[in-house]
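Here's a quick briefing on the aromatic side chains. Have a look at the structure first, then read on.

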Amino acid sequence: MIEQLLGDEVESSGEYLAEIIYGANDGIVTTFAVVSGVAGATLNPSIVLILGVANLFADGFSMGMSNYLSRRSEMAYQATVEEVRSEASDPKSPASTAFVTFLAFVIAGWAPLLPYILVVEPLFPMSITVTGLAFFAVGASRSLVTRRRWYVNGGEMFLVGMLAATVAYVVGNLLKGVA
């Protein structure tokens, strides 16, 4: 699908793996942090959808644009110091890396919201389950191009994501009397 959207710039060799993993992981983490914070504060579940979708697109856009600016800065630096390295001929444009990051963020970031959209009760426990599976799947998929075992990669991403969500839940719980 990405190849169709970006044309000849994208090959299926895994050259966008960093952008895909980074975008997907952050999309799941930040969206689930919103879900967890709202659940911790025991706010109305409809707030999850409003904040979750707003975060999904705003943060996805921010990540994509940050990737774009970072890539442009890197390319400008390489041109300034006239380094000749294999990365200097890297065919990935700032626009394509930004788009891949944004796309991965938004697609994967829907996982924590699915139980709220589909109204699958109990909402928050189902969101934890779906999100945990998404973390593990994205992490395990890194093994397609790395030498690490799939369950180690999956477990690592699962652990990091769930710890971030725990922080958001605790903070939401501590602040629930403020709203």
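**Aromatic contacts at a glance**

Trp110 is partly exposed, with a relative accessible area of 27%. Keep in mind that this is a predicted model. Searching the whole structure turns up five aromatic pairs, and two of them get a closer look below.

**The stacked pair**

- Phe32 and Phe124 make a stacked aromatic pair, with 6.1 Å centre to centre and 20 degrees between the planes.
- Phe32 belongs to helix α2 (residues 17-40) and Phe124 to helix α6 (residues 123-141), so this pair ties together parts that sit 92 residues apart in sequence.

**The edge-to-face pair**

- Phe57 and Trp110 pair up edge-to-face, at 6.2 Å centre to centre with 75 degrees between the planes.
- This pair also links distant parts of the chain: Phe57 is in helix α3 (residues 45-81), while Trp110 is in the loop between α4 (94-109) and α5 (114-118), 53 residues apart.
- Phe57 has 37% relative accessibility, so it counts as partly exposed.

**A cluster and a charge over a ring**

- Phe32 and Phe124 turn up again with Tyr169, and the three form one aromatic cluster.
- Over at Tyr16, the charged end of Lys92 sits over the ring, 5.6 Å from the ring's centre.

Notes: Residues are numbered from 1 along each chain as its sequence is written. This is a predicted model: local features need pLDDT of at least 70, side-chain atom pairs count only at pLDDT 80 or more; totals for chains, interfaces and linings use all residues. Side-chain values use heavy atoms; hydrogens and water are left out. Rings of Phe, Tyr and Trp (its six-membered ring) pair if their centres lie within 6.5 Å; planes under 30 degrees apart count as stacked, over 60 as edge-to-face and the rest as tilted. Helices (H or I, at least four residues) and strands (E, at least two) are DSSP runs, numbered from the N terminus. Buried means under 20% relative accessible area, exposed over 50%, partly exposed in between (1.4 Å probe, protein chains only). A charge sits over a ring if NZ of Lys or CZ of Arg is within 6 Å of the ring centre and within 35 degrees of the ring normal.
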